[in-house]
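This briefing looks at a few local features of the chain shown below. Please keep the structure open while reading.

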Amino acid sequence: MSGFLLCGDGGCSHTLVPDFFLDNYMPEANGEYVKIYLYLLRCLKSDVQELSIPLIADKFEHTESDVRRALKYWEKLNLLKLEYNDKDQLTGIRMLSMNPKPELKTRTDSAGKSAAAPIAVPQPQSKKEQKVSGRLPADLLSQQEVRQLLFICEQYLGKTLSSSEVARILDLHDSLGFSPELIEYLVEYCVSGEHKSLHYIEATARGWKENGIRTVSQAKEQTTTYNRAYFKILKAFGISNRNPVAVEISYMNKWLKDYGFSLELILEACSRTMAAIHQPGFEYADKILSSWKKNRITSLSGLEALDRERQTASETCGEKKTASSAHRAASQNRFHNFKERDYDFEKLQKQLINQ
């Protein structure tokens, strides 16, 4: 278990929390993030403290991803600096001094009075830092954007998000670089397919990122293409007047995305499935397509060549079976393979009487 070194700008004999932090940073921060920051301040009491993300996660009963999100949050606010090695492993955290005169904006407190709150302006990473850390630079969302995004997500998901679920939603912005608009469309798209699991939403988001989707228009273009394919496949199975269910979407995504088959090949597999079992069968079609994938079939012409090859092999096998059957029949009759004699029993009997 690799660890990192925690150190500060100066000595610290007590756990001191600056009023500036309490007044300007704490009110706007996630409560779990505040706990992590205060714990780091507490650890500075030993001047240099060796820690690790797993240890902090165990301390607060968080996941390691929760701890990383908290650290990234405070780094964006310039309250600490994360240091990485060439393998993108966290090797150090440097607690930075707070700027007593940050750029301020006006906000209204609960009593209706105007108060000053800082506008966090994250420092852009250099190309070298981006290359080493592998992190995506992203603008810090304003509190209004966060509230609006979470409100919309809660409406789609039909529930109030927990603190850990909030962190996972925001991580789509922090780690993947998704805009609030793209996250909203992502959640809408998944829910429309009857998938409200955050695990499914995160997996879909990673798939979009791998496919180079960065905008809502790009996402809509891809999802529209796949939705059209879904309904054509359902039609090939004789299914109409309903949307595909989760297990069907899973099979179709496997054929379209994982296997990379063209729609015409998939429809051919559906046609052969119907001819064989006379009913829709995603599992049966999957066996057909898995066989084609194993044989590296990528087009209908390649499939025709495979069919001819199998037909030739079948005919050759049939001829061998016929010859083998004939040989077995001849072998079974080997004791009758002689000329039978014809006797006149009455004549023989008279000859015996006359003797």
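In this predicted model, His278 counts as exposed because its relative accessibility is 66%, above the 50% cut-off.

**Positive phi in loops**

- His278 lies in the loop between helix 12 (263–277) and helix 13, and its phi is near 60 degrees, a positive value in a residue other than glycine.
- Arg296, which is likewise not a glycine, has a positive phi of about 60 degrees; Arg296 sits in the loop between helix 13 and helix 14 (300–332) and is exposed, with a relative accessible area of 75%.
- As background, most residues other than glycine have a negative phi.

**Aromatic pairs**

- The model holds 15 aromatic pairs, and among them is that of Tyr73 and Trp74, which is edge-to-face because the ring centres are 4.9 Å apart and the planes stand at 75 degrees.
- Tyr73 counts as buried at 15% relative accessibility, and Trp74 counts as buried at 0%.
- Trp255 and Phe282 form a stacked pair, since their ring centres are 5.9 Å apart and their planes are at 10 degrees.
- This pair links distant parts of the chain, with Trp255 in helix 11 (residues 246–258) and Phe282 in helix 13 (residues 282–294), 27 residues apart.
- Trp255 is buried, with a relative accessible area of 0%, and Phe282 counts as buried at 9% relative accessibility.

**Ring cluster**

- Ring pairs join Phe20, Phe21, Tyr25, Tyr33, Tyr37, Tyr73 and Trp74 into a cluster.

Key:
Residues are numbered from 1 along each chain as its sequence is written. This is a predicted model: local features need pLDDT of at least 70, side-chain atom pairs count only at pLDDT 80 or more; totals for chains, interfaces and linings use all residues. Side-chain values use heavy atoms; hydrogens and water are left out. Rings of Phe, Tyr and Trp (its six-membered ring) pair if their centres lie within 6.5 Å; planes under 30 degrees apart count as stacked, over 60 as edge-to-face and the rest as tilted. Buried means under 20% relative accessible area, exposed over 50%, partly exposed in between (1.4 Å probe, protein chains only). Helices (H or I, at least four residues) and strands (E, at least two) are DSSP runs, numbered from the N terminus.
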